[in-house]
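The entries follow the order of the look-ups.

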Amino acid sequence: MLRLESGRYRRMVANMTFGNVYEDRERAESYARLEFPGTYYLAYRDLPSLIAEHVNGYAALDFGCGAGRSTRFVKRLGMTAVGIDISAEMLTQARRLDPEGDYRLVADGELGDWRGERFDLVLSVFTFDNVPTREKKVALFRGLRGLLRAGGRMINLVSAPEIYVNEWASFTTRDFPENRAARSGDRVRIIMTDVADRRPVEDIVWSDAAYRDVYDAAGLTVVATHQPLGRSDEPFEWKSELTIAPWTIYVLAPA
């Protein structure tokens with residue numbers, strides 16, 4: 001367990017460089033070993049029911065698939081899935097874990113050449129936590145909207161702003177009090193405690209109102225919103241999860 005009260009640890013954190021988990025091999029390998037522990041369990045727990053309720057069809061695109069966790073997840077639900085990401089290191093891990101999977105590298109800010117392929121579900125899990133500007137978010141959502149079949153839906157799962165100012169089963173933010181002053185578009189820091197690589201991760205905080213503005217600009221409408229809370233009968237040592245939702249899940253349709 002981390003000794004977060006230690007002055008030595010605090011100095012070490014203060015001197016670290018911060019970046020997203022996809023930026024180097026050590027981070028990719030560490031992240032690839034994650035499945036659904038603790039707070040991450042809540043991100044995925046209710047996805048099957050949301051997909052069953054809102055998605056008609058079986059073709060899925062996992063945008064920002066990373067090491068393929070979400071891609072494998074929807075495949076286990078009986079869907080076909082294509083995973084795309086900007087990180088070759090992450091895709092190396094995805095292909096190692098799922099040799100038969102379809103994983104494609106795309107350039108940052110691009111969606112690739114789909115030559116008529118369309119999807120019933122476009123899923124994005126945590127990806128937009130790392131997309132820095134409103135303009136880039138709008139452009140990506142607009143492009144993803146164009147990849148939906150008629151009647152298709154997008155599910156965008158993001159970190160709620162509250163995740164950066166509380167303590168969690170799988171995260172700590174206590175060394176970053178400056179997070180409390182962050183507004184939409186600002187960089188925030190968080191440490192994942194379920195991986196071997198304990199270097200802080202840098203995300204972009206984005207409020208509910210800011211996401212709704214982006215969706216509207218991209219020609220998307222919010223069909224449903226879900227904020228999962230932990231339950232006392234679940235086998236995890238919850239901290240804030242019982243009363244504060246760490247994630248927000250948006251179900252989106254073309255406007």
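**Aromatic rings**

I first checked burial and noted that W114 and F119 are both buried, where buried stands for under 20% relative accessible area, exposed for over 50% and partly exposed for what lies in between (1.4 Å probe, protein chains only). The model is a predicted one, in which local features need pLDDT of at least 70 and side-chain atom pairs count only at pLDDT 80 or more, while totals for chains, interfaces and linings use all residues. Residues are numbered from 1 along each chain as its sequence is written, and side-chain values use heavy atoms, with hydrogens and water left out.

I then turned to ring pairs. Rings of Phe, Tyr and Trp (its six-membered ring) pair if their centres lie within 6.5 Å; planes under 30 degrees apart count as stacked, over 60 as edge-to-face and the rest as tilted. W114 and F119 form an edge-to-face pair, at 5.5 Å centre to centre and with 90 degrees between the planes. For F236 and W238 the ring centres are 5.0 Å apart and the planes stand at 45 degrees, so this pair is tilted. I recorded F236 as partly exposed, at a relative accessible area of 26%, and W238 as buried, at 13%.

I also looked up the aromatic cluster formed by F63, F128, F141, W206, Y211, Y215 and Y250. K137 lies over the face of W206, 4.1 Å from the ring centre; the criterion is NZ of Lys or CZ of Arg within 6 Å of the ring centre and within 35 degrees of the ring normal.

**Strand β1**

Five of the five residues of β1 are buried, so the strand is largely enclosed by the rest of the structure. A59, L61 and F63 are buried on one side, and A60 and D62 on the other.

I took strands as paired if DSSP finds at least two bridges between them. β1 runs parallel to β2 (residues 80–85), with five bridges joining them, and F63 stands opposite I84 in β2. With β4 (residues 119–125), β1 pairs in the parallel sense over three bridges; here D62 stands opposite L123.

**Sheet β6-β7-β8**

Finally, I noted an open sheet of three strands in the order β6-β7-β8, with antiparallel pairing. β7 (residues 187–192) pairs with β8 over four bridges, and I190 stands opposite V201 in β8.

Note on methods. Helix = DSSP H or I, 4+ residues; strand = E, 2+ residues; numbered from the N terminus.
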